[in-house]
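Here's a quick tour of one protein model, made for someone just starting out. Have a look at the sequence and the 3D view, then work through the notes below.

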Amino acid sequence: TLKFLLIFLFMILCTLLYQPFLCRTPHNPLRLWFPHFWKDALFLMRVIRYGARLEIYRRTSRVVTVVDRFVQQAQRIPEKAFLIYEGVTYTYGELEERSNRVARVFGDAVKEGDTVALLMSNEPDFLSVWFGFCKLGCAVAFLNTNIRSRSLLHCFRCCGAELLVVGADLLETLEDILPSLQEDGITVWCMTQESPRPGVHSLLDQMEEASQEPVAAERRSVRCLRSPTLYIFTSGTTGLPKAAVITHLQALKAAGGFWVYGATGSDVIYTPLPLYHSAASLVGIGGTIELGATCVLKKKFSASQFWHDCRKHNVTIFQYIGELCRYLCNQPTNEKDHRVLMGVGNGLRQDVWREFHRRFGDIRMCEIYGSTEGNLCFMNHIGKIGAVGRSNFFYKLIFKYDLVKYDLVREEPVRDHSGFCQHVQKGETGLLLSKICSQSPFFGYAGSKQLTEKKILRDVFVTGDAYFNTGDLMAEDEDDFICFRDRVGDTFRWKGENVATTEVTEILGLVDFIQEASVYGVQVPGNEGRAGMAAVIVRPECTFDGKKLFSHVLRELPSYARPLFIRLQESLEMTSTFKQQKFALVESGFDPCSISQPLFFLDCSEKSYVPLTSSVYDSIVSGQRNV
Ligand SMILES: *[C@@H]1O[C@H](CO)[C@@H](O)[C@H](O)[C@H]1NC(C)=O
């Protein structure tokens with residue numbers, strides 16, 4: 001607190017000192033030296049103000065959680081539109097009542113501290129159920145609607161949920177694991193009027209019968225910022241998804257995102273991202289509640305409906321991921337007839353960013369960098385094209401991070417002769433590490449000390465220190481802007497989702513003709529992230545069967561995780577520590593002209609892996625063939 005206060009006073013002092021200069025003389029040299037002074041100052045003030053609020057919660061042990069804020073807003077502005085979904089408006093009051101009904105239905109079935117799993121697509125009742133259980137003091141685990149059987153079962157086990165609420169449209173995805181769930185004693189509730197099958201309860205009819213009166217506020221009262229409120233699944237490195245623990249602290253920090261960027265209660269926020277990700281649920285919905293604004297929720301993003309929706313609902317802010325902006329730019333028409341002022345999201349690349357401005361007007365694009373489980377966050381409040389964040393002296397006092405030299409071939413940070421990591425120079429690319437301390441704790445993953453430990457790097461600069469390894473390569477330029485370069489390690493991103501190479505490797509290993517596989521991501525021109533590729537050794541006496549492999553990955557892997565390219569190998573190189581040596585494979589890409597081994601391509605129209613010829617290659621690289 002003292003530190004915050006000092007910074008705050010210093011800022012005010014600076015502001016006062018500079019004000020006369022800056023206001024009176026337009027060509028003041030100070031303006032050249034500090035071109036972003038006012039924006040930086042304003043931004044920092046907001047960050048500090050928000051931080052001070054969290055500090056008060058911590059000190060007084062009286063936390064006003066995101067759901068508490070929602071209840072407050074519902075009392076303050078019950079008639080205000082909270083959510084617009086498929087043309088229907090839901091007010092703060094209505095959602096409050098609906099979540100009360102959920103709380104009433106389960107009031108006796110669950111107790112404080114229980115975990116409940118939620119498998120639903122984007123729809124208003126996602127929020128009713130989420131808030132309803134929070135009002136009973138439960139933690140809620142959001143399940144990714146793409147993941148299937150084996151992985152899904154694992155998700156329940158690692159967050160310890162004994163109750164599952166599933167959306168009506170997703171019940172069939174549970175088909176093959178329902179018996180296992182019932183064996184494990186997990187009660188399944190479906191968002192339908194009547195029970196769709198034996199052993200599955202219906203929730204909608206129960207909600208209609210239940211009272212809309214709130215349950216006692218004590219049931220949701222939270223005294224510690226560090227108690228978990230959500231579990232959000234991210235791609236795992238040991239093959240199965242892992243549950244990132246989201247505490248009230250993180251939920252509240254994320255909810256401040258829009259506010260820090262200057263949004264107000266009169267804004268209309270457009271969220272086409274899936275709610276099971278932290279971007280839509282924590283930043284989007286949490287941020288909407290914080291402001292008392294309106295959120296237009298989409299079931300699924302559609303590039304062709306985007307501007308039409310924005311016009312129809314007078315949208316002023318939209319949430320994005322890099323891919324989404326690229327899809328919009330791929331649309332034929334330019335749109336400047338809209339009221340969108342700001343985009344908030346992550347992963348916008350320079351080329352798309354420029355194109356986006358050219359096509360759709362002067363929309364302020366605000367990048368937020370921060371992983372679901374991470375303890376660090378960057379924001380590019382200046383809006384400089386290509387940067388994910390901006391740092392400065394004060395920011396570094398609040399967030400302790402470092403960029404260290406990284407060896408791409410050995411896939412680990414470079415250590416000097418005494419075993420410590422080395423800082424990179426300004427402008428140089430390095431691995432982003434974030435210090436773990438009481439100010440920015442790392443809460444790890446549910447039920448797995450081992451996984452948590454894997455993300456922690458110890459003895460970095462001095463013996464005994466600990467840093468969260470983000471796995472992202474970044475560079476910080478002379479003007480303190482931070483740019484994303486690449487992702488390293490066992491995961492890559494494709495279609496806005498994380499893909500764990502080990503998970504895909506394990507699944508490929510189940511195919512009878514595959515002896516060994518090595519999975520990595522390759523860049524495909526015109527696409528964000530990396531597409532999955534696997535180098536595969538076929539068993540002796542077996543032949544590669546494209547159809548069989550296709551149906552296997554179709555059944556076992558979500559669409560974004562299916563390897564797009566297969567490369568047959570005689571052998572796979574290993575590092576000295578018996579890790580697969582992927583660097584050379586990644587570098588050589590998927591061009592049939594430069595690779596002598598047989599290459600295959602996942603062809604959905606043929607329902608098979610087909611040979612990757614130069615003409616197929618050309619059609620992919622030129623963008624004629626969608627991947
Ligand atoms: C959008 O704004 C216009 C002009 O201010 C107003 O007439 C219209 O009713 C608004 N539409 C919605 C859906 O709020």
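Leaving out residues up to four places away in sequence, Tyr-406 touches Glu-411, Glu-412, Pro-413, Val-414, Leu-431, Leu-473, Val-488 and Gly-489. Keep in mind that you're looking at a predicted model.

- Tyr-406 belongs to strand S18, which covers residues 406–407.
- Is Tyr-406 buried or exposed? Its relative accessible area is 17%, and the cut-off for buried is under 20%, so Tyr-406 counts as buried.
- The side chain of Tyr-406 also reaches the backbone oxygen of Glu-411, at 3.3 Å.
- Now pick out Asn-144: from Tyr-406 it is 262 residues away in sequence, and their C-alpha atoms are 32 Å apart in space.

**The nonpolar cores**

- The largest nonpolar core has 196 residues, and the ones that touch the most other members are Trp-130, Phe-133, Leu-174 and Phe-565.
- Take Phe-133: setting aside neighbours within four places in sequence, its contacts are Val-102, Phe-106, Val-110, Val-116, Cys-138, Val-140, Leu-163 and Val-165.
- Another core, of 11 residues, lies apart from the largest one, and its members include Leu-431, Leu-457, Tyr-467 and Leu-473.

**Helix H7**

- How many of the 11 residues in helix H7 are buried? The count is 8, so this helix, residues 149–159, is mostly covered.
- The buried ones are Ser-149, Ser-151, Leu-152, Leu-153, Cys-155, Phe-156, Cys-158 and Cys-159.
- A handy bit of background: an α-helix has 3.6 residues a turn, so residues three or four places apart point the same way.
- Just after H7 comes Gly-160, with a positive phi of about 70°.

**An open sheet**

- Look for an open sheet of 8 strands with mixed pairing, in the order S2-S1-S11-S10-S12-S13-S14-S15.
- Which strands sit at the edges? They're S2 (88–91) and S15 (378–379), and each of them pairs on one side only.
- In general, strands of a sheet pair through backbone hydrogen bonds, either parallel or antiparallel.
- Strand S1 (residues 81–85) goes antiparallel with S2, over 4 bridges.
- In that pair, Leu-83 stands opposite Tyr-90 of S2.

**Two lysines with a positive phi**

- Lys-495 isn't a glycine, yet its phi is positive, at about 55°.
- You'll find Lys-495 in the loop between strand S24 (491–494) and strand S25 (497–500).
- Lys-495 has 32% relative accessibility, so it counts as partly exposed.
- Lys-607 is another residue other than glycine with a positive phi, this one near 55°.
- Lys-607 sits in the loop between strand S29 (599–603) and strand S30 (608–611).
- With a relative accessible area of 54%, Lys-607 is exposed, because the cut-off for that is over 50%.

**The ligand**

- Which residues are around the ligand? They're Lys-312, Asn-314 and Arg-339.
- On its own the ligand has 360 Å² of accessible area, and the protein covers 31% of that.
- Zoom in on Asn-314: one of its polar side-chain atoms lies 2.3 Å from an oxygen atom of the ligand.

How values were computed
Residues numbered from 1 in each chain as written. Predicted model: local features only at pLDDT ≥ 70, side-chain atom pairs only at ≥ 80, totals over all residues. Heavy atoms only, no water. Near = heavy atom within 4 Å. Polar contact = N/O pair within 3.5 Å; in protein donor to acceptor, adjacent residues only side chain to side chain. Areas by Shrake-Rupley, 256 points an atom, 1.4 Å probe, with all protein chains shown as cover. Buried < 20%, exposed > 50% of the residue type's maximum accessible area, 1.4 Å probe, protein only. Contact = heavy atoms within 4.5 Å. Pairing = 2+ DSSP bridges. Core = buried A, V, L, I, M, F, W, Y, C linked by side-chain atoms within 4.5 Å.
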